[in-house]
Amino acid sequence: MPATAARSADPLGAAPDTVSPLRDVLAGRAGRLRLALLLIALAGLVGGLAAPVLGFDPSLARAILVAGIVPVLAALLVEIATSLRRGEVGLDIVAALSMSGALLLGEALAGAVVAVMYAGGQFLEAYAEGRAGRRMTALLARAPRAAQRHEPDGRLAEVPLAAVRPGDRLLVRKGDVVPVDGRLAPGAAALLDTSALTGEPLPASLRGGGAVLSGATNLGDAFDLVAEREAAESTYAGIVRLVERARAERAPMARLADRWALLFLAVTVTIAGAAWLASGDPVRALAVLVVATPCPLILAVPVAIVAGLSRAAETGVLVKGGGALERMAAVRVLVLDKTGTLTDGAPALVAVETADGADPDAILRLAASLEQASSHVAAQALVAAARAKDLALATPTEVAERAGEGLSGRVEGLAVDVAGAPARAGDPPGAIRARVTIAGRPAAEIVLADRVRGGAAALLARLRREGLVRLVLATGDRAAVAEAIAADLPLDRVAADLAPADKVAVVAAEKTRGPVMMLGDGVNDAPALAAADVGVAMGARGAAASAEAADAVLLVDRLEPVADALAVARRARTIALQSVGLGIGLSVAGMIAAAFGFLTPVEGALLQEAIDVAAILNALRALAPAPGRAARRGAAASRTISAPAGSAPAAP
């Protein structure tokens with residue numbers, strides 16, 4: 001049986017959302033080595049403790065304990081040497097000193113405990129990162145590999161995605177992942193799961209002509225898709241590239257953790273040396289070292305940051321790396337574009353003003369039927385509005401387009417003409433009018449306007465609550481239009497008539513008030529996105545240049561996920577700092593207790609590893625939904641969504 005077009009491909013043989021983090025760890029050589037070292041250290045500790053109980057000579061028990069320590073110590077020394085060659089100094093040195101000191105001082109049991117706990121901590125870290133990155137791995141695992149294409153001779157052929165070209169007609173079967181960006185063929189309908197792209201748990205219904213993003217899953221009957229982009233340029237391919245980049249980047253906070261680790265190393269060695277000098281007992285120094293091995297600083301931070309990246313992706317914002325996530329957590333100012341960002345970015349139907357009490361829908365149907373023959377943005381808006389009302393459009397004939405003026409033709413035998421008309425007082429800012437004439441008689445005027453996105457005011461208010469102190473609108477549109485759009489929004493500044501360089505200047509000026517996030521969608525926004533501390537691009541409909549320049553990409557055509565991602569970033573950073581602060585505080589307290597002789601080396605090692613485990617588990621809290629979001633999603637689950645053609649699913 002031939003492979004289904006663009007089906008998910010999971011290299012581990014399981015559905016992406018059920019992939020075990022343990023399998024993720026064991027799939028790599030480094031993960032298998034960590035597991036092997038843990039098992040060796042654990043076998044040495046258990047064997048060393050069991051030997052005296054079974055009546056074996058104490059020297060054999062010590063030899064078994066040492067056998068469990070040496071492989072872990074050897075691997076650790078290799079890792080330290082590699083780090084030093086890169087110019088990195090971390091707390092692994094403390095672990096090496098602890099195990100080496102235990103061997104030299106005859107404290108083999110303490111050394112074995114340190115070896116087990118160190119190897120266990122490294123494996124737990126890999127497991128935690130595997131769990132945190134599982135949702136990102138699912139994106140990669142779902143990447144389509146092929147598509148079913150209708151050939152000119154009527155055959156249906158499976159072709160590699162690289163062979164798909166714009167204009168190709170593809171079959172998307174039930175359960176398939178949409179292979180490329182495109183539009184539903186005329187007359188088609190689809191029920192799509194977009195959760196892998198947007199985090200939205202409810203499916204979206206689309207009708208013929210509706211825009212479909214690659215990466216969505218077909219939940220309904222098979223449908224035909226007309227490709228609009230090649231696979232390499234489609235939404236899902238771009239997401240995969242961004243995910244791979246995000247997973248490869250190391251967070252600045254982790255580098256900061258290395259600097260803190262160096263300071264903590266100095267403190268540890270100082271306390272250990274002072275304890276030895278004051279007591280004359282090197283075992284006390286060893287107890288201090290083992291309490292500090294290893295520090296949760298080098299474990300909790302990367303786990304929390306990777307968890308934050310996963311959570312942000314679930315909200316519908318793909319952050320390109322840990323560094324961008326941390327900068328997002330510090331943002332104080334938002335600069336946002338107008339067209340396509342704050343507004344829908346395309347004209348939408350506002351009103352059909354009919355003459356003589358005629359039926360508005362009947363006139364809209366005739367006008368939209370004619371406008372099917374035009375590629376003008378206003379024409380497409382009329383067609384979309386008619387389809388959203390489920391109006392049956394007819395095929396126009398004898399169509400003649402007057403460049404820059406309008407369109408005429410015949411629809412169901414009637415002469416129909418649609419032409420531009422002057423705007424009137426009271427029209428929405430930037431509105432355009434179209435005069436419809438039927439059979440030579442004026443029938444109606446249709447008003448179209450680019451409208452502010454629904455919920456924009458509520459979103460900006462929420463961003464205030466999330467800690468933003470300044471909200472700025474920066475647009476290339478006319479000042480009168482920008483100010484009218486912003487009149488009912490809680491904005492601190494409106495800057496209009498801006499060229500791309502002017503937007504960069506606005507971002508630079510706002511940086512004096514704090515870290516700046518720029519939100520935009522067009523090619524003209526790309527320089528400002530790159531200039532901001534954090535650039536967020538509207539990836540669902542935005543230009544490729546803006547997505548490349550940005551630090552994060554909004555995967556859905558709505559703004560609510562921006563606030564969600566901001567909350568996720570701040571929560572992840574807070575959790576990381578909490579884990580570090582708690583772990584460091586407890587470690588210092590334990591070292592002081594050991595310095596005064598209140599903890600033996602074995603007790604110190606057990607205490608520190610308990611601290612490490614607690615720090616990692618606390619860092620994993622960044623995977624959980626922030627308080628309030630789970631409730632919002634639960635409420636959303638009780639609603640039924642039916643998105644109009646070309647739209648994204650409604651926000652939860």
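**Helices and a sheet**

Start with α22. Its buried residues are Pro601, Gly604, Ala605, Gln608, Glu609, Ile611, Asp612, Ala615, Ile616, Asn618 and Ala619. Bear in mind that this is a predicted model.

Length next. Helix α22 covers residues 601–619, which is 19 residues. At 1.5 Å a residue it should span 27 Å, and its end C-alpha atoms are 27 Å apart, so the two agree.

Now α21, residues 560–595. Its 36 residues should span 52 Å at 1.5 Å a residue. The end C-alpha atoms are 53 Å apart, which agrees. After α21 comes Gly597, with a positive phi near 85 degrees.

What does α21 pack against? One partner is α10, residues 282–291: the two axes come within 8 Å and cross at roughly 170 degrees. The pair is therefore roughly antiparallel. On the α10 side, the contact uses Arg284, Ala287, Val288 and Val291. On the α21 side, it uses Ser587, Gly590, Met591, Ala594 and Ala595. By type, that contact has six nonpolar residues, two polar and one charged.

On to the sheet. It is open, with seven strands in the order β10-β22-β21-β20-β11-β18-β19, and the pairing is mixed. Which strands stand at the edges? β10 (317–319) and β19 (493–495) do. Each has a single partner strand, so one side of each is left without a neighbour in the sheet. Ignoring direction, neighbouring strands are turned by 20 degrees against each other on average.

Look at β20, residues 516–520. Five of its five residues are buried, so the strand is largely enclosed by the rest of the structure. Val516, Met518 and Gly520 point one way, while Met517 and Leu519 point the other way.

β20 pairs with β11 (residues 333–336) in the parallel sense, over four bridges. Leu336 has Leu519 as its bridge partner, and Leu334 stands opposite Met517. β20 also pairs with β21 in the parallel sense, again over four bridges. There, Met518 is partnered by Gly535.

Last, the helices on the sheet. Helix α12, residues 322–329, lies across β10, β20, β21 and β22, at about 100 degrees to β21. Helix α18, residues 500–510, touches β11, β18, β19 and β20. Its direction makes about 170 degrees with that of β18.

Note on methods: Residues numbered from 1 in each chain as written. Predicted model: local features only at pLDDT ≥ 70, side-chain atom pairs only at ≥ 80, totals over all residues. Heavy atoms only, no water. Helix = DSSP H or I, 4+ residues; strand = E, 2+ residues; numbered from the N terminus. Expected span 1.5 Å × (residues − 1). Buried < 20%, exposed > 50% of the residue type's maximum accessible area, 1.4 Å probe, protein only. Pairing = 2+ DSSP bridges. Axes fitted to C-alpha atoms, helices over the stretch in contact; angles between N-to-C directions. Contact = heavy atoms within 4.5 Å. Parallel < 35°, antiparallel > 145°, perpendicular 65-115°, else oblique. Nonpolar A, V, L, I, M, F, W, Y, C, P; charged D, E, K, R; others polar.
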